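Please open the model in your viewer and keep the selection panel at hand. The stops below say what to select next and what is there.

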Amino acid sequence: MDSKETKHVIPGDVLAYAEEYLPGKNTIEEDSRIISLCSGEVVKNDKELTANVDSKIKVIIPRNGDIVYGNIVKNDSRQTTIQIAGIEREGQLVYFQAEGYIRSVHDYKKDERNPQTVRIGDIIRGKVIRVGQNLELTLSGSNLGVLKSRCSRCREILVIKNGTLFCENCNRSELRKAAPDYGEPEIEKR
Ligand SMILES: [Zn+2]
């Protein structure tokens, strides 16, 4: 058997027969067959005679300075809560789930040109400034801020008009700390 060839499997695929291999990583044995429990690449270890699936999912450990993406789920005068859904790794967006927060008093108010201007539902790009149980984020930085936002009155997606966010439905503008690439985020998805 040529084990050099890369073979992709999805959950439920048969990798091998139990007479040939033992179930290894991300696999189980069922009815004398070795079955994949995840999507990934088949890795057969001919020394230990195990059939494994490499899920290619790496454990991501956030660090200070990391760029993360998420949406605002809670926003009050003291704290903004962000549900993080992605993190940048080598210029690409990688799936990553965590809770983040921004301490409003320590953040926007020192930036006079950008008063506190996010709302629940906004999609943001933030920077990690403290790693703890939850991640403390900041939006202070020229490339940081809101990437997508809806009108607080009619829920229409706001567009950039004359440098501010504008609802074409209500014909009114709203204040946000918008990122420079608002509307068309410059990020590669992975
Ligand atoms: Zn509107």
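**A tour by selection**

Begin by selecting Cys 38, which at a relative accessible area of 16% is buried, where buried means under 20% relative accessible area, exposed over 50% and partly exposed in between, with a 1.4 Å probe and protein chains only. The model is a predicted one, in which local features need pLDDT of at least 70 and side-chain atom pairs count only at pLDDT 80 or more, while totals for chains, interfaces and linings use all residues. Residues are numbered from 1 along each chain as its sequence is written, and side-chain values use heavy atoms, with hydrogens and water left out.

Now show the whole chain as a cartoon: it has 17 strands and zero helices, both taken as DSSP runs numbered from the N terminus (helices H or I, at least four residues; strands E, at least two). Of its 190 residues, 36% count as buried. Where contact means heavy atoms within 4.5 Å, 51% of the contacts between residues at least 6 apart in sequence join residues at least 24 apart.

Next, select the zinc ion together with Cys 151, Cys 154, Cys 167 and Cys 170, whose SG atoms coordinate the metal at 2.2 to 2.3 Å; donors are N, O and S atoms within 2.8 Å of the metal (3.2 Å for Na, K and Ca), and sites may look incomplete because water is not among the atoms. The four donor atoms make angles of 101 to 114°, and the site is tetrahedral, a label given to four donors if all angles lie between 85 and 135 degrees. Along the sequence, the spacing of the donor residues is C-x2-C-x12-C-x2-C. Cys 151 sits in the loop between strand 13 (145-148) and strand 14 (159-161), whereas Cys 167 belongs to strand 15 (residues 164-167), so this pair ties together parts 16 residues apart in sequence. Cys 151 is buried at 0% relative accessibility, and Cys 167 is buried with a relative accessible area of 0%, but Cys 170, at 21%, counts as partly exposed.

Finally, move to Asp 122, in the loop between strand 10 (92-103) and strand 11 (123-131), which is buried with a relative accessible area of 1%. Leaving aside neighbours within four places in sequence, the residues in contact with Asp 122 include Gly 70, Val 146 and Arg 150. The C-alpha atoms of Asp 122 and Arg 150 are 7.1 Å apart, although 28 residues separate the two along the chain. Select Arg 176 as well, because its side chain makes a polar contact of 2.9 Å with that of Asp 122, a polar contact being a pair of N or O atoms within 3.5 Å; within protein, one must be able to donate a hydrogen and the other to accept it, and residues adjacent in sequence count only if both atoms are side-chain atoms.

Terms used:
Four donors count as tetrahedral if all angles lie between 85 and 135 degrees; four count as square planar and six as octahedral if opposite donors are over 155 degrees apart and all others between 65 and 115; anything else is irregular.
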